[in-house]
Amino acid sequence: MKLSRQFTVFGSAIFCVVVFSLYLMLDHIDHSKNPNGERIQKLGILQDKIDHLERLLAENNEIIGNIRDSVINLRETVKDGKMFPEGNMSQGDLELLPPAPALLPIHSEDCQFAARTYSKAADGVQMLDVYDLLSFDNPDGGVWKQGFDISYQDNEWDNEPLQVFVVPHSHNDPGWLKTFDDYYRDQTQHILNNMVVKLHEDSRRKMIWSEISYFSKWWDNIDEQKRDAVRRLIESGQLEVATGGWVMPDEANTHYFALIDQLVEGHQWLERNLGVKPKTGWAVDPFGHTPTQAYLLRQAGLSNMLIQRVHYSVKKHFASQKTLEFFWRQNWDQDSSSDILCHMMPFYSYDVPHTCGPDPKICCQFDFKRLPGGRISCPWRIPPQAITDNNVQERAQTLLDQYRKKSKLFRTNVLLAPLGDDFRYTEAVEWDQQFENYQKLFDYMNSHPELHVQAQFGTISDYFEALRKSTGMDPVGMNVGQLALPVLSGDFFTYADRDDHYWSGYFTSRPFYKRLDRVLESHLRAAEVLYSLTLANIQKYGQPNDYPAVDNYKLLTEARRNLGLFQHHDAITGTGKDWVVVDYGTRLFHSILNVKRVIVSSAHWLVLKDKQTYYHDPSNPVLQMDDVQPAQDALPRKIIFEFFTVPRLLVVYNPTEQARMSMVTVYVTTPKVRVLNAVGLRSSKCSSSQLMVFIPRQLSFVAQAAPLGLSVYQLMEGMEPRTEAAKYMILQDGRQISISELEHFQQFYQQDAAPVHIENPHLKLSISTATGLLEKMSLKEDDSEHLIKVEFVWYGTTSNKDKSGAYLFLPDKEATIYSPSQPPVVRVTKGPLFSEVTTTFTHITHTLRLYNIQGVEGQSVEICNTVDIRGETNHEIAMRITSDLNSKDRFFTDLNGYQVQPRKTLAKLPLQANFYPMTSMVYLQDSSARLSLLTAQSLGAASLKSGQLEVIMDRRLNQDDNRGLGQGVLDNKITANSFRLLLEKRSSAEEESAPYSYPSILSHMSYMYLNHPLISMAVSQRSESPSLTPYSPLSASFPCDMHLVNLRAIHLSTEDTSIAQAALILHRKGFDCGFSNRNTALLCTTTRGKVKQITRLPTHRHTSLIYRGPKDCLTWLWG
């Protein structure tokens, strides 16, 4: 009774405050007498104020109504004696979020970045222009098949000798035809062991290494004496670590979170163990190249980089223009702040036959591993010759001829000649064959001044240092120098290595694991943040506890490395052997399980009211995740919550840095469940829906979540007064089917075969009753209706000798419409929180869902496709979205989730060449609207006709495509693909010629909600019910355009967590202001890139990545 009286007084007090505030506003109205003109003006002002007052009264009536409902609900709860049973919930701070403004406040300066006028640099090369310029023909170029004849005059080097740097390297794939561990056992460890011995034999020998995943494994297995020898080789400059990432990552399917994470993991390992920081990037094998990787390398302190796999027509064009070396600049960059010096290898491959010069028949003769009697030989049937006094003159002149011809493709007299291939230098004899024979050639060249050449072994940084010196550039700076190099902007997709063989198939291959990768990324980030916050919280309390800091850090480290390993260019690409894919999948799966352990143990500490009662029992954790994945190749499933005498507590984590309202769905055994938050208030609306199998039931409710915060909810048996059960309609072939087993749930019917409509406050969808597929979409903001049609299509493979495989997409013709043999079953669900239409085809289960939630969640259509093509032969299945937008031949895909690249569908290219990687989104637009498809997994996408989008969802291919894998793609899984479809009105048009584009704030947020959903954890019924309280580490939301990429704990070792630091990585996102920012329900603003001290963390200090403005990343260390 006392509590009830307190709530009544509380509600009355709020009412009094509101009324008093209105009185003060009226009191500010000026009542003084004025002459007639002024009086009329004052009356107008008075009328405006009265109108404003009426609006305020209406708003306050709504607020008071909500308060009244809450008080009534609380009184009923107290009267029933059901508030906080067993004393297991702390009231804590009020969890309810303040109301969001109807119009999102965006600072005008934040709009200027995307609205800038595009101006191309005078010496600039824009890849969009290059694609327009090229004819993409493929005439026979002679000995350089994809190029042209090269000639020179003998006296060209009389004044400035040719400097040749031969760079030995061994490309070690961390998994491809063998697993990572098998490659290490059979080859890599021997390469590295021989390296230590053979480099020490002659100080003139050099070597570069790239993959830290292998290097760290080897380091752990060698003694201190050998480690000291390695350190000496690095100090002397004989051994260089290039790039320094955990792997040499794929650059098409990878998200920038994972690109950064594997780079940080590698660089941290190098700093701890060798005290070195890489200077030059080395990427000889990724299948196309992204400017995102160039940007990240530059921000990580690298000054130079090398790339190899670029379309053969682009290579030929750049070679003819002598633009193979350039400053790679980001599309949005108006100055040189993002520039990095880049070298593009000119020929077909990075192996020895294609690196010394234009004629592979001759270059192969200088790959001394192919000497007669060895296991490999030259395909051109002219073997190498061991260098002797008798042949050294002829051999040196033959090799020098190739060097000279290659140098004619560049602007300087400094030449790079890589010397290596996959898993080279495994045996000691190969070290001797290559180094001894080349040294004889160098000695001859260097001792004959009339040849005007200086040749030596070098590292990749040795080459760039000489290149910079020859052009008058700074050793690490980006000034153009005396001999100006061009500035290039854009990307290098889609790659083709010959003919019409475009490598667009791997954008989708093995999509199950592409999705699993994104799940681990999201969970790893959540675990990193919670772990770092927990350590900071423990420092604050300063008391002994049972929190497993060391064990959790080991789990995080393993997950980082498994995620990093999967970014390898034969892993996330889906281009490994079947058993190698299983190995990758098992690593991802185990790491997901492990980071969930970190999440629940950290969340347990943070929400626990009495920290003294914390205990850690791995076999019986207090919190358990609400889903479980039974195996590495299976889809996750929800855990069913049972109710006995004690209510269930649910902890909900918001991994995003802005406060949000999102739906939480749990599976329960009863349709009658009440949901209360930490202060006993009813949690917004609740909805109960049932699956086709009728048991168990889904319970959905709207959770209000503080930024990076943990909310606490109570699930009690008993129907909430305003809980509604969902209504159903089942259709097949346009006819309604009655289901008698739908106990507790209501069926609804419609009289004719007209389209089914589902809607929310923002959108209305029109869906065919026959197919269950979307046909029209209406925006309620302006009552505009758009034709937006979803369908599915099949691609086959060509009948030519070369067919589609894991890498290549070689379709037989344009796609054919997917027509199932049986009419699909269509289930229409309408509830207070969401409405959806689920259509079950033979190969696809397709769901369209609309959330009836104010804000971000309610402004897009959620699309889920569960695909199963395991019974098909040489088929690829795609989702096609056809709209009435007049997008012509332009569309937009993202690059690594970091930036958006305009695309142009080119009729002069084959169909497969117009597919591009889609990591986070693809969109098309006309002058009035934009249609975006946001994705939760990387896939291949295209816009083959105006107003149309296509996304390849899975591929099943029976044959190898002759790129070394030696098998087809026949290990398909039942794969779930998730998307958000967002239709937005445009109020301003960007320049058609601009080589950049930006998502809207709403698009950015919708993508975040899709890829970082709320994480639900239930208190185990096997543990004693603890007293929990909500946890909120931030005093306010981050700015809307600021994303917390990671809060990554850094310890000196996995055994000691007493000295704790964390890297705070922030990303300020560029966004287009030409879209509506109404009804987003966001509790954030934009702040011109300024971040206030809104966390309760210790002071921070800068390191590594430098923050400059929009689109930049920033790293802080705090500790």
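Helices here are DSSP runs of H or I with at least four residues, strands are runs of E with at least two, and both are numbered from the N terminus.

Before going on, please note that this is a predicted model with each chain numbered from 1 as its sequence is written; local features need pLDDT of at least 70, side-chain atom pairs need 80 or more, and totals for chains, interfaces and linings use all residues. Side-chain values use heavy atoms, without hydrogens or water.

**Stop 1**

Now select residues 256–273, which form α8. Is α8 mostly covered or mostly open? It is mostly covered, with 14 of its 18 residues buried (under 20% relative accessible area with a 1.4 Å probe, counting protein chains only; exposed is over 50%, and partly exposed is in between).

An α-helix has 3.6 residues a turn, so residues three or four places apart point the same way.

**Stop 2: α9**

Move on to residues 291–299, helix α9. It is mostly covered, as 8 of its 9 residues are buried. Colour the buried ones to find them: Pro291, Thr292, Gln293, Ala294, Tyr295, Leu296, Leu297 and Gln299. Just after α9 comes another glycine to click on, glycine 301, with a positive phi of about 100 degrees.

**Stop 3**

Which residue sits in the loop between α4 (127–133) and β2 (162–171)? Phenylalanine 136 is there, and its phi is near 55 degrees, a positive value in a residue that is not glycine. Phenylalanine 136 counts as buried because its relative accessible area is 12%.

Next, select phenylalanine 493 and threonine 494 together: a cis peptide bond joins them, with omega about 0 degrees. Threonine 494 belongs to the loop between β11 (487–489) and α15 (511–541).

Then jump to asparagine 896, in the loop between β36 (890–895) and β37 (899–904). Although asparagine 896 is not a glycine, its phi is positive, at about 65 degrees. With a relative accessible area of 0%, asparagine 896 is buried.

**Stop 4: a strand residue**

Select serine 778 in strand β28 (residues 774–779). Serine 778 has 15% relative accessibility, so it counts as buried. Leaving aside residues up to four places away in sequence, serine 778 touches His762, Leu763, Lys764, Ser784 and Glu785.

**Last stop: zoom out**

Show the whole protein: its secondary structure comes to 18 helices and 48 strands. Of its 1119 residues, 62% are buried. Among contacts between residues at least 6 apart in sequence, 75% join residues at least 24 apart.

Technical notes:
Expected span 1.5 Å × (residues − 1). Contact = heavy atoms within 4.5 Å.
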